[in-house]
Amino acid sequence: MLTSEDNALQAVRRRHELRVLETLVAHGKRTRRQLETDTKLSRTTLSAIVGELRQRGVLMENEQLLHTTGRHGRPTKVLSLNPGAGAAIGIELGRRRISVSVLGFDGSTVTSECRDIATAAGLETKVKDAADMVQSLINRGLIKPETVIGTGVGIASRHADPKSLADGIEQQLDPKGASLSPLRELLPAPLLWDNNIRLAAMAYGKDSEDLLYVVLSAGISSAVVTNGVLLRGGSGIAGELGHLSVDFAGPACWCGRNGCLESFINENNVLLEAARRGHAFASIADLAQAAADGNDIAKGIVDWSGELLARAIGSACVLLDPSRVVIAGELSQFGEPLLAPVRTALAGQHLELGPRSTTITNATFSPTTGSDGAARMALNHWALTTIN
């Protein structure tokens with residue numbers, strides 16, 4: 001059994017490891033002497049850390065010609081990250097699917113998989129299914145637990161406590177409704193979890209911009225990324241665009257408000273509205289195709305959805321002033337006709353504060369976006385950020 005002293009020593013050693021990894025991420029290749037200077041670690045400590053990371057397959061050491069003064073082109077040994085090592089694991093426990101992504105230290109995708117699930121599945125069941133998928137990837141050699149520096153988990157309909165956002169000296173608090181222990185047992189690296197849409201936004205957000213990411217699906221979710229950092233708010237629920245009212249006389253929403261955007265243009269309600277207008281469609285994809293083919297009812301539904309979306313995004317853009325808005329989810333299949341009312345609404349805002357430069361685009365659908373973003377968040381948190 002580990003004592004508190006053992007845990008403290010492990011935490012210190014982990015910070016030393018991450019300092020070495022961060023330096024190699026930033027510079028690509030470094031000699032041991034350069035690493036000493038970069039990390040401020042003693043030669044003995046650095047040697048032990050490097051030796052263990054090499055044994056685990058995280059680092060490679062090769063000879064390289066360094067043409068520096070006094071060495072006359074003699075080769076010297078340099079350390080670099082092993083591009084084949086699975087650096088960060090991302091897992092999405094969504095409403096309809098579970099996905100797992102593995103990103104390398106350079107952010108490239110090593111592998112990814114997804115599995116459709118029953119919409120009624122509880123969180124505990126989803127955790128178990130995700131653990132089964134991870135175990136399968138381990139068995140096939142696509143995940144090497146000893147080389148993983150961190151795991152990100154995106155969970156539908158759950159928001160992390162802003163006071164407990166990632167493992168540190170203490171583990172992050174588990175989400176309500178399930179324990180993440182089955183995943184922690186398979187992947188002993190530190191873990192973080194948050195809302196799945198919020199982490200999915202990390203797959204699109206860039207360090208130099210402000211992003212509003214909106215998913216129109218079974219429900220409506222959104223996230224805000226500012227300079228590569230997620231906006232969470234005081235209680236962890238910032239970015240709930242679906243609960244902006246677009247019609248104060250509209251139907252009651254479960255959140256306690258009336259006329260929320262989500263009450264109108266969630267996937268099921270859009271299909272019901274089409275049926276009410278006289279044409280039933282089997283899916284959003286069928287409706288989108290019918291609209292593209294000129295079906296009047298389908299076109300009317302797309303226009304109706306776009307006008308409601310424009311009301312919500314127009315209000316959000318006044319408050320947030322994003323440089324980019326990305327629309328994802330099933331309803332994004334409506335394409336430009338869905339976005340046109342949003343563009344018109346933004347063009348009609350005259351705040352006289354300077355020219356607006358917000359771009360609005362559809363996201364290309366990918367079933368692993370949530371796990372890709374979760375892995376990106378883990379990579380940023382444990383390998384690409386400065387360790388204080």
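Trainee: Which residues of helix α9 are buried?

Mentor: Good place to start, and keep in mind that this is a predicted model. Helix α9 covers residues 284–292. A residue counts as buried when its relative accessible area is under 20%. In α9 the buried residues are I284, L287, A288, A290 and A291.

Trainee: Within what arc do the buried residues of α9 fall, seen down the axis?

Mentor: In general, an α-helix has 3.6 residues a turn, so residues three or four places apart point the same way. The buried residues of α9 line one face of the helix, because, seen down its axis, they fall within an arc of 160 degrees.

Trainee: Is G256 buried or exposed?

Mentor: First find G256 in the loop between β11 (229–230) and α7 (261–265). The cut-off for exposed is over 50% relative accessible area. With a value of 65%, G256 is therefore exposed.

Trainee: And is L379 buried or exposed?

Mentor: L379 sits in helix α12. Its relative accessible area is 0%, and buried means under 20%, so L379 is buried.

Trainee: How far apart are the C-alpha atoms of L379 and L103?

Mentor: Along the chain, L379 and L103 are 276 residues apart.

Trainee: What share of the contacts with a separation of 6 or more is between residues 24 or more positions apart?

Mentor: The protein has 388 residues, with 12 helices and 13 strands. Among its contacts with a separation of 6 or more, the share from residues 24 or more positions apart is 61%.

Trainee: Which residues are closest to the centre of the second largest pocket?

Mentor: That pocket holds about 700 Å³ of space. It is lined by 37 residues, and the closest to its centre are N196, I197, V215, S217 and S221.

Trainee: Which elements give two or more residues to the lining of the second largest pocket?

Mentor: By class, this lining has 14 nonpolar, 16 polar and 7 charged residues. The elements that give two or more residues to it are α6 (196–200), β9 (210–216), β10 (220–226) and α12 (369–382).

Notes: Residues are numbered from 1 along each chain as its sequence is written. This is a predicted model: local features need pLDDT of at least 70, side-chain atom pairs count only at pLDDT 80 or more; totals for chains, interfaces and linings use all residues. Side-chain values use heavy atoms; hydrogens and water are left out. On a 1 Å grid over the protein atoms alone, a cavity is a set of points where a 1.4 Å probe fits but cannot get out, and a pocket is an open set with protein on both sides within 12 Å along at least five of seven lines; lining residues have an atom within 4 Å of a point. Grid points are joined across faces, edges and corners, and a volume is the space filled by probe spheres set on the points. Helices (H or I, at least four residues) and strands (E, at least two) are DSSP runs, numbered from the N terminus. Ala, Val, Leu, Ile, Met, Phe, Trp, Tyr, Cys and Pro count as nonpolar, Asp, Glu, Lys and Arg as charged, and the others, Gly among them, as polar. Buried means under 20% relative accessible area, exposed over 50%, partly exposed in between (1.4 Å probe, protein chains only). The arc is that of the directions from the helix axis to the C-beta atoms. Contact means heavy atoms within 4.5 Å.
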